[in-house]
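The entries follow the order in which I went through them.

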Amino acid sequence: MRIRIVDAFTDRPFAGNPAGVLLLDAFPDDDWLQKVAMEVNHAETAFAHRLPEGGEADWALRWFTPVAEVALCGHATLATAHVLHSTGTHEGPVRFATRSGVLVATPREDGSLTLDFPTAPLTPVEVPDGVARALGAEPLLAFDTGPNVGDLLLELADEKTLHALTPDHRALGTYSERGIIATARAEDSGLGYDFVSRCFFPNVGIDEDPVTGSAHTALAPFWSQRLGRAALTGLQASPRTGRVRTELRGDRTLLSGHAVTVIEGELIA
């Protein structure tokens, strides 16, 4: 079967967030899926198979990190939609049946794709004791992001503080189900982005994720309320970097970006 590595939320190779993508006839057993994801060893590997016509979705989709299956993943969904469209396997909007409901990916004239995802519910919580020491900076505010995302969202004082973080990844794993989203307002909106973020997910085997679509379903409502605009652009300030265009539509969040296939090969195991 064909296996592809796709860089998502970027328009150039070797940036954004890489994901493995496999199109299957059906899902094999979970142990095989997890072993393939461990072998690929990227933040997520996506597995998809076509569904019968006439249903609420066109393809079934699952996502695995090297150590666990996850309930929601933006960049691997974008990567899968990119493979379907770039190979001519699917035309027009594609509906994915997932653990987080039906997610739709729509191709745009500029070559980008827009994902329609559920907006994460934000619940204010007290900043946990010890999280500042584990993160390497004192958060201003903290929010729970709900079951689909499973992170603790922390607002920091400024962009400079966010870039300078040197967290204790093992310690961060004690504060939420998946990990930590750290964010701050952009210092200069003239650079083309409105807010910045970094994401640390030690509980699913990812010390720092390059670009996280699911996190932006929480970042979009957080920053839209503060900045007074539904449409924003986020920069994820990982070493690879990537940009996610967001648009808040109530209980749905649109996430837009490009993707690039960088490796295509044959899985023989």
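Entry 1, second largest pocket. I began with the second largest pocket, which holds about 180 Å³ of space. Its lining has 13 residues, and I noted Val-70, Ala-71, Val-149, Glu-177 and Arg-178 as the closest to its centre. Strand S5 (69–70) and helix H4 (146–149) are the elements that give two or more residues to this lining, and H4 gives the most, with three residues. By class, the lining of the second largest pocket divides into six nonpolar, three polar and four charged residues.

Notes on method. I keep in mind that this is a predicted model, in which local features need pLDDT of at least 70 and side-chain atom pairs count only at pLDDT 80 or more, while totals for chains, interfaces and linings use all residues. Residues are numbered from 1 along each chain as its sequence is written, and side-chain values use heavy atoms, with hydrogens and water left out. A pocket is an open set of points on a 1 Å grid over the protein atoms alone, with protein on both sides within 12 Å along at least five of seven lines, a cavity is a set where a 1.4 Å probe fits but cannot get out, and lining residues have an atom within 4 Å of a point. Points are joined across faces, edges and corners, and a volume is the space filled by probe spheres set on them. Helices (H or I, at least four residues) and strands (E, at least two) are DSSP runs numbered from the N terminus. Ala, Val, Leu, Ile, Met, Phe, Trp, Tyr, Cys and Pro count as nonpolar, Asp, Glu, Lys and Arg as charged, and the others, Gly among them, as polar.

I then turned to the largest pocket, with a volume of about 220 Å³. It is lined by 14 residues, and Phe-9, Thr-10, Asp-11, Arg-243 and His-258 lie nearest its centre. Strands S16 (242–249) and S17 (252–257) each supply at least two residues of this lining, and the largest share, four residues, comes from S16. I counted the lining of the largest pocket by class as four nonpolar, six polar and four charged.

How many cavities of 30 Å³ or more does a search of the whole structure find? I found one, and the largest cavity has a volume of about 60 Å³. Of its 13 lining residues, Glu-44, Arg-178, Asp-209, Thr-212 and Ser-214 are the closest to the centre. Helix H2 (74–86) and strand S14 (206–209) each supply at least two residues of the cavity lining.

Phe-14 counts as exposed because its relative accessibility is 67% (exposed is over 50%, buried under 20%, partly exposed in between, with a 1.4 Å probe and protein chains only). Thr-241 has a positive phi near 55 degrees and sits in the loop between strand S15 (231–236) and S16; at 29% relative accessibility, Thr-241 counts as partly exposed.

I recorded seven helices and 18 strands in the chain, and buried residues make up 56% of its 269 residues.
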